[in-house]
Amino acid sequence: MRFGFVIDHNRCIGCHACTVACKEEHNVPIGVNRTWVKYIEKGNYPDSKRYFGVLRCNHCDDAPCIEICPTTALFRRSDGIVDFDSARCIGCKSCMQACPYDALYIDPNTQTAAKCNFCAHRVEVGLEPACVIVCPEQAIIAGDLDDPISKIGRTVATQKVRVRKPEKETRPKLFYLGADEDLLHPGAARSQSAHLWADKPPGEKLQALREGTNSVSPAAPGAAREVYDVAHPRPWGSKITSYLWTKSIAAGILLVAAFLLHLDHQEERLLLNILSPVLALLFIAATILLLIFDLKRPERFYFLLTKPNPRSWLVLGGYILMLYGLLSSLWLYYGLTEDFVPRSVIRLAALFAAGSACYTAFLFSQAKGRDLWRSGLFFWHLLIHALVAGSAALIVCAFVVGAEAPVFETLAGLLSAFLALSLAIALAEVLRTHASGDARRAIEFLSKGPLRIRFWILAIILGIVLPLVFLLAPVESRALAAPASLAALAGLWIYNDLWIRAGQEPPLS
């Protein structure tokens, strides 16, 4: 048994009865929707036409929201319905990034994720979903896709139906009959700064205006244009940016310290054996706190340990961070009580430092809704960013404690090399051809659109090129190493912030 929907757009009149019935059935608050209707128009007056699209959860057979959810709050029932348990949800919003269809939202009353659950409580007693009952044109068909004699089974087998974003390979069970192609492809319709009967939120209105003035490929006259939709705010913001930044510093410090100890800089005991693990522990704590404070239900953070989903990289990454914290503590213990840190501790700490730096690449790869973040270069982004952050942080510490010239020279050389690699990867990401249209749009938004000045001036020139110039200048290494390091750290935060913003720019619905 696999319950699914067919929405017949040859019948749909865009009346919003399904939206209203869903809100009433589930007490959905104002401002969020489990099902909603989007309008687009094509052509020029008087030869123009309006198309309606009913959008909601696709109840995918291979649902990415289930895989990424760290507490198994999202799950698939035996009848194929993808349901959720708000009592387990911690409000991490990762499911919102994983869903390619914009189906999930944060309920402002419960501060937990929610979505269409096929009116499972009605299905269990033999009733149809509320939206099916109220549709005046019988445009919504619900039923068992595995039943060949059911209305939905016959429709899918005999009619030309399509699904949204088949390339995501989620195997959605929401089928569209007679829907316009531009309606099903987010971004195909030109965004507008306001609707006929409703204004947009200030942030979305400003973004639409920017898209209109900064687009490198303006829409042709009469092309598809969005005339009505509901707001879908970007789930992640500055806390996730800061989490990436603090994690880079936490991981990079001991990675670079391990390399310096391998080069026999044992004379810098205070810097490498004590200050390095102390800073690593401080930034690990900051990283964990940022993750907790970004949760909509932070008091439930311990569910990551008591109700874990072993397939979610949010859970696996948390375990890696905790083990790295233990190894950093062990490094500090030896640094305080012995003259040296055992090589086995150094090697294990370096291994888990690299894991702490890079596990986010696997977490973001589970975010099927955000193609930019699933880039094959993102793993190397994170590793090189950690090495840049670790080298820069150690240079600042070396300057504060008055370290000897040889360690300054080594650190300056390392930072120069890592900044050059960071520049190469950033340029490769921007200049290479991306297979996904959403990834191309995000890169365009980053490098040619509204973020271009901050990207090229602040992140690239001031954050990478200028520190490189300082470090390679023919002057005594201490003079410019500290300001170069501070500029590199600031540039790293800006780069991460722009990466998070650009990744969420392409619309999902």
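This is a predicted model: local features need pLDDT of at least 70, side-chain atom pairs count only at pLDDT 80 or more; totals for chains, interfaces and linings use all residues.
1. An open sheet is built from four strands in the order 8-1-10-9, and its pairing is mixed. Strand 8 (140-144) and strand 9 (161-162) are the edge strands, each of them pairing on one side only. Helix 6 (residues 151-158) packs on this sheet, where it touches strand 1, strand 8, strand 9 and strand 10, and the direction of helix 6 makes about 105° with that of strand 8.

2. Pairing around strand 10. As a reminder, strands of a sheet pair through backbone hydrogen bonds, either parallel or antiparallel. Strand 1 (residues 3-8) and strand 10 (residues 174-177) run parallel and are joined by four bridges; along this pairing, Phe 5 stands opposite Leu 174, and Ile 7 stands opposite Tyr 176. Strand 9 and strand 10, by contrast, run antiparallel and are joined by two bridges, with Leu 177 of strand 10 as the bridge partner of Val 161.

3. Side chains of strand 10. In a regular strand the side chains alternate between the two faces of the sheet. In strand 10, Leu 174 and Tyr 176 point one way while Phe 175 and Leu 177 point the other way, and all of these residues are buried.

4. A separate entry concerns three strands that form an open sheet in the order 3-2-11, with antiparallel pairing. The edge strands here are strand 3 (47-56) and strand 11 (225-228), each pairing on one side only, and from one strand to the next the twist averages 35°. Strand 2 (residues 35-44) pairs with strand 11 in the antiparallel sense over three bridges, and Glu 41 stands opposite Arg 225 of strand 11. Helix 1 (residues 17-26) packs on the sheet and touches strand 2 and strand 3, its direction making about 160° with that of strand 2.

5. Helix 12, length and start. Helix 12 (residues 313-337) has 25 residues, which at 1.5 Å a residue should span 36 Å, and because its end C-alpha atoms are 36 Å apart, the expectation and the model agree. At the start of this helix, a side-chain oxygen of Ser 312 reaches to within 3.2 Å of the backbone nitrogen of Leu 314.

6. Helix 12, burial. The buried residues of helix 12 include Leu 314, Val 315, Ile 320, Leu 321, Tyr 324, Leu 327, Trp 331 and Leu 332, and among them are also Gly 317, Gly 325 and Gly 335, together with Ser 328. What covers these buried residues includes helix 3 (94-98), helix 9 (238-262), helix 10 (269-294), helix 11 (303-306) and helix 13 (343-365).

7. Gln 97 in helix 3. Among the elements that cover helix 12 is helix 3, and Gln 97 lies in helix 3. The relative accessibility of Gln 97 is 0%, and therefore this residue counts as buried. Leaving aside residues up to four places away in sequence, Gln 97 touches Pro 235, Trp 236, Ala 367, Lys 368, Gly 369, Arg 370, Trp 373 and Gln 504.

8. Helix 17. The buried residues of helix 17 are Phe 455, Ala 459, Ile 460, Gly 463, Ile 464, Pro 467, Leu 468 and Leu 471.

Notes
Residues are numbered from 1 along each chain as its sequence is written. Side-chain values use heavy atoms; hydrogens and water are left out. The expected span of a helix is 1.5 Å times one less than its number of residues. Buried means under 20% relative accessible area, exposed over 50%, partly exposed in between (1.4 Å probe, protein chains only). Contact means heavy atoms within 4.5 Å. A polar contact is a pair of N or O atoms within 3.5 Å; within protein, one must be able to donate a hydrogen and the other to accept it, and residues adjacent in sequence count only if both atoms are side-chain atoms. Two strands pair if DSSP finds at least two bridges between them. Axes are lines fitted to C-alpha atoms, for helices over the stretch in contact, and angles run from 0 to 180 degrees between N-to-C directions.
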